[in-house]
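Below are my notes on charged side chains and their partners. Please read them alongside the model.

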Amino acid sequence: MIKSFFFTFVLVSLTVYCAAQKQRSFAAENQIVYKVAFKPDSTDQDNVVIEYAELLANDTSSIFRTISQGKTDSALYAQYGLGNSKGQNQSRTRMHFTIVKQKDSVYTYDTIYDSFALYAMYGESRNDMKWSIEKDTMNHNGINCQKAKLVYGGRNWTAWFSIDIPFPDGPYKFTGLPGLIIYMYDSANQWIFDLAFINPKYDKKVFYGDVRFKYKHLSKDDFHRERKRLKNNTFELSSALGLNDGVTGDTLEKLKK
């Protein structure tokens, strides 16, 4: 049985999040694009999703998101500026998060659960990534690279970075090496990041996040705890919110299953 405080949390959140947040903007000077290959279902190794994501950077900060999400964010901000606060998020990405790296912190902006449009953000320290830099080198697509390893997020990662591009950043949350990460993968090949191209003259003000909603500040543990609760109790929560009203009999049982 779902505890009442859980329903209270979600119901209140649905109300609070629907107030527009102040603009989240970023002055990008460089665009670094990665080809991302990932397997959304660990039990189906043949299902590989390919997306392209961008690392937008300036001298002090960076953001990482998919190209599709970036287009959606920009469109929503444009509509919001015209007074339309009910624009549709038409992003086709499977990676809805945006990673913001500022000073010593890494911030994740994400949906707790897409079905209920619950938005939250949490921060981590850049120092949480304990790299082990190795002597191995290789040339990847014409770029000289050196090997580094990392245990993060319950996965064993291998990164190939280039000191020829002395920018201590990379895809997703990965940061802190003495050069740009060119190629990176986990030991199970569930995630692969491969540098596609660099646009050093991007020079554009971009917006990130869904302007229609506030992002609730949570700890990383609380974020994943609430996501797990929602995932495990989607049917009960949908029913409590009236989303299953009018559905009866076998159809309701199939929906629950």
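1. Burial classes first: a residue is called buried under 20% relative accessible area, exposed over 50% and partly exposed in between, using a 1.4 Å probe and protein chains only. This is a predicted model, in which local features need pLDDT of at least 70 and side-chain atom pairs count only at pLDDT 80 or more, while totals for chains, interfaces and linings use all residues. Residues are numbered from 1 along each chain as its sequence is written, and side-chain values use heavy atoms, with hydrogens and water left out.

2. Salt bridges. The criterion is a side-chain nitrogen of Lys or Arg within 4 Å of a carboxyl oxygen of Asp or Glu. By this rule the model has 12 salt bridges.

3. Glu124 and Lys173. Their side chains form a salt bridge with an N to O distance of 2.8 Å. Glu124 belongs to strand E7 (residues 118–125) and Lys173 to the loop between strand E10 (155–162) and strand E11 (180–186), so this pair ties together parts 49 residues apart in sequence. Helices (H or I, at least four residues) and strands (E, at least two) are DSSP runs numbered from the N terminus. Glu124 is buried, at 10% relative accessible area, and Lys173 is buried at 3%.

4. Glu124 and Lys220. Glu124 also meets the side chain of Lys220 in a salt bridge, at 2.9 Å from N to O. Because Lys220 lies in helix H3 (residues 220–232) and Glu124 in strand E7, the pair ties together parts that are 96 residues apart in sequence. Lys220 is partly exposed, with a relative accessible area of 28%.

5. Within helix H3. Asp222 and Arg225 are joined by a salt bridge of 2.3 Å, N to O. The two residues are 3 residues apart in helix H3, which means a separation of about one helical turn. Asp222 is partly exposed at 32% relative accessibility, and Arg225 is partly exposed at 39%.

6. A network. Salt bridges link Glu54, Arg65 and Asp73 in a network.

7. Lys149. Which strand holds Lys149? Lys149 sits in strand E9 (residues 143–152) and is partly exposed, with a relative accessible area of 35%. Beyond its neighbours within four places in sequence, Lys149 is in contact with Lys130, Trp131, Ser132, Glu134, Trp157 and Thr158, where contact means heavy atoms within 4.5 Å. Lys130 is 19 residues from Lys149 along the chain, and their C-alpha atoms are separated by 8.7 Å.
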